Amino acid sequence: MQLLGFVVAVLAASSLAASNDIDDIQRKLDSDLQWGTYRPNLYFGTRPRLPSSLLSGLIWFGLDNQRNWQNTRHSCELGDNLLEYGYSRHNGRDFGEQLMVDQDQGVEIKSEFIKVPGERGGSWAVRFSGRTLEENVQGVSLAYYFGLEGNGTMALDVSKRMAKITGETPDLGPFRIRIVPAKHNQSPPLHPALQKTKGIPEAVKIAGIAMDVPKKNVWRARDLFQEKLIKHAQQQANAILKNTDGKGPLTGSVLFQLENEGEDSSNSNLFFAQMMVHGEFAFDVIYECEDTSAAIKSGDIGALASNRRKEFDIQFDAVFGLREKGFDEEEVEIAQKALSSLIGGIGYFYGSSLVSDEPKPEYGDIDETSEPRLSNPYSLFAGTPSRPFFPRGFLWDEGFQLLLLSRWDADLSMDVLRSWYHTMDKNGWMAREQILGEEARSKVPKEFQIQYPNFANPPTLLFAVQALVDRLEAVSTAGMVDQLAQVYSTQGRHNSATEQTLTREYMQDLLQYSSRQLEFFMRTQAGEPLPGSLEHGYRWRGRTVDHTLTSGIDDYPRARPPSTRELHVDLFSWVTYMLSVDTELAAFARNGLELNQTREQQLELHLQLLDELHWNSERNMYCDVTVQPRDGYDELEDEGESEESVFVCHKGYVSLFPMLLGLVPPESPKLGHILDMIEDPDELWSEFGIRSLSTQDEFYGKGEDYWRGPIWININYLVLSSLHKHYMSDGPHQEQANRIYSKLRQNLVRNILDQFRQTRFFWEQYNPHDGHGQGTHPFTGWTSLVVLIMAEKY
């Protein structure tokens, strides 16, 4: 406590300076992060962290099949069947590169994104290079677009060498854009039968199309482009058939080559630049702000990307040290792809959410809630678990994602954390799924869009808060100022003065948010007292017979039928963990002593009740609890309660939660029983990771089989993390804890890397029988935790 007091004193001494500088510092951070690849639902797209601003994106389709235009690539889709895509390097700031291999459309595309600092977010550029695949005869149509969702002006000018866009918005100020095809680009070959046909348009390096569309439809750029394509193709087909006496042939390279349209583009807000290519190709997209010091030349892009690539590799080695752990070059590259794809999945989202003002009725009750409403628009800066399937913010996932991001770039992760907490309402509620705007809603069935104010979700954001607390607690008195500079940036790459200043302010803010969220849980998720008891636990709202979506572990078996009298051990564990984090935060905060004492008392009580309510001494495991009528009870003859509490026991992830969150003392005999369950191959152990449900459970592998057996990396990470932090160096179970840790870590790393080698993707879950990846892919949310597992950083 003396160390904590010293840290607090040092931080408090700088608080006045912090309050004076915080606005300037935040503005600088916002400027550094303003532009990015913040449209993760697209194969490639950029936008600023500004509402209703300038969007851009890449579109392509192959020309061999006349129907390929119907499958134009734009947003990441599982049905596109790309052999590979995802970032191989992305630093989250000013560099990102990825390879996209599209066998069905016959093309391979590499993107290299770079930024140069300057006023209003600076300038940026992306170089696309690639080749059409050998089986591709006619080539590919490439298009890059810019669309303005809000106020401002843009104008298009197309020459033989490039397309230029000039524009201005209130937030971005004046800007200029160049889309420049490489000199070596070759146009698709013209079919011999058409070489002397009249009306065949001359091949061009680049063509520009301008459109004036409703601002709300700019995100639909692909659909609008397709409408233009098919209309033009029909006109071309009619002309060719007329001039060839109906013989044709109708080739894609002729049908879909657009002509310059919209030369008077001053009233347009959506511009496309199309390039038809065959063989090796490249083109640059360059966005420049008005700050001349941030100007970018095409010749600079390659050198900038090369330097950033080297910097990334150096930083990756310094932060994670995988080579020192014995991993070879290929394994390090796979780990880099996991981190980079996580970062490449970060997006900026803005819009309204569909919310209900009334709680969702309990299971079995008639739903008479009023129609949901659209909230006031708001923004969120967040990671996404899966770019094709879950391209939006998920509260349950984000905390796990931040564990890795905070190791790489802690101030970037704090910006994500702060953005999430800013979505919290006055009652402490945050929507568990952030479906903001029409573009986001277009990917979600309507019945899953509504967010209810009585629905909670695991408070995993506290993992990031806990990590900050742990770093502060680890600071020694020697070299205090220098070490505090590392609280936000372990590699010392970012502005240490910024990070020191923000630390104190963030700690105070985090306590307010975490306390409000804790009180929301304790108020809205409270269960009813069990028969014969005055104490109560907690119950997830939103139960159905087969699902508890709010718990995060959707179809994991619970009490059947659902009851408002049941209590959930995982939720009780989460609330207890929240109390422990709140207790530590209160120790750092101004005027936090009284709150600290209150939280300590609540924490002690919860630790006691956890065992009293949920430990089943007959089964030697933690269980849910429900209430049922007493057998043979006669209300006229029998005394006492007509109901009795019974345990609902399903060995698996739910029963592990007290241990996962470090709530079981190292010396407790209960820990031995938990470790035995984990290590037993007839229960949870497999050669590929810990199963989500015991093989002996009646529901194992049944129904949807989502959390009823498959291996999930987030929970396996928590097993390793808890063993490493709490149980490997203390207590009578050290030997077993160390044995499980070593074998589990080895099994997880081996299988995830093997599956990546075979499929080129990271997966949502892994099969407990043969280890193969399953579910959606690429899944680079919490599966990317494999990097921390490899590095043994928990």
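User: In which helix does Q401 lie?

Analyst: Q401 lies in helix 7, residues 395-408; helices (H or I, at least four residues) are DSSP runs numbered from the N terminus. This is a predicted model, where local features need pLDDT of at least 70 and side-chain atom pairs count only at pLDDT 80 or more, while totals for chains, interfaces and linings use all residues. Residues are numbered from 1 along each chain as its sequence is written, and side-chain values use heavy atoms, leaving out hydrogens and water.

User: Is Q401 buried or exposed?

Analyst: Buried means under 20% relative accessible area, exposed over 50%, and partly exposed in between, with a 1.4 Å probe and protein chains only. Q401 has a relative accessible area of 3%, so Q401 is buried.

User: Which residues is Q401 in contact with, leaving aside neighbours within four places in sequence?

Analyst: Contact means heavy atoms within 4.5 Å. On that basis Q401 is in contact with L342, G383, T384, P385, G781 and W782, its neighbours within four places in sequence set aside.

User: Which residues touch the most other members of the largest nonpolar core?

Analyst: In soluble globular proteins, nonpolar side chains tend to be buried together. A nonpolar core is a set of buried Ala, Val, Leu, Ile, Met, Phe, Trp, Tyr and Cys residues joined through side-chain atoms within 4.5 Å. Here the largest one has 188 residues, and I179 and F320 touch the most other members. Helix 13 (residues 569-588) supplies the largest share of this core, 12 residues. Not counting residues up to four places away in sequence, F320 touches L339, L404, R407, W408, V787, L788, A791 and K793. There is also a second, separate core of 28 residues, L194, I209, L255 and F272 among them.

User: At what angle do helix 15 and helix 16 cross?

Analyst: Axes are lines fitted to C-alpha atoms, for helices over the stretch in contact, and angles run from 0 to 180 degrees between N-to-C directions. Helix 15 (residues 653-660) and helix 16 (residues 669-679) cross at roughly 135°, their axes coming within 11 Å. That makes the pair oblique; under 35 degrees counts as roughly parallel, over 145 as roughly antiparallel, 65 to 115 as roughly perpendicular and the rest as oblique.

User: Which residues meet there?

Analyst: From helix 15, S655, L656 and M659 meet L671, I674, L675, M677 and I678 of helix 16. The contact has 7 nonpolar residues, 1 polar and no charged; Ala, Val, Leu, Ile, Met, Phe, Trp, Tyr, Cys and Pro count as nonpolar, Asp, Glu, Lys and Arg as charged, and the others, Gly among them, as polar.

Note on methods
Helices (H or I, at least four residues) and strands (E, at least two) are DSSP runs, numbered from the N terminus.
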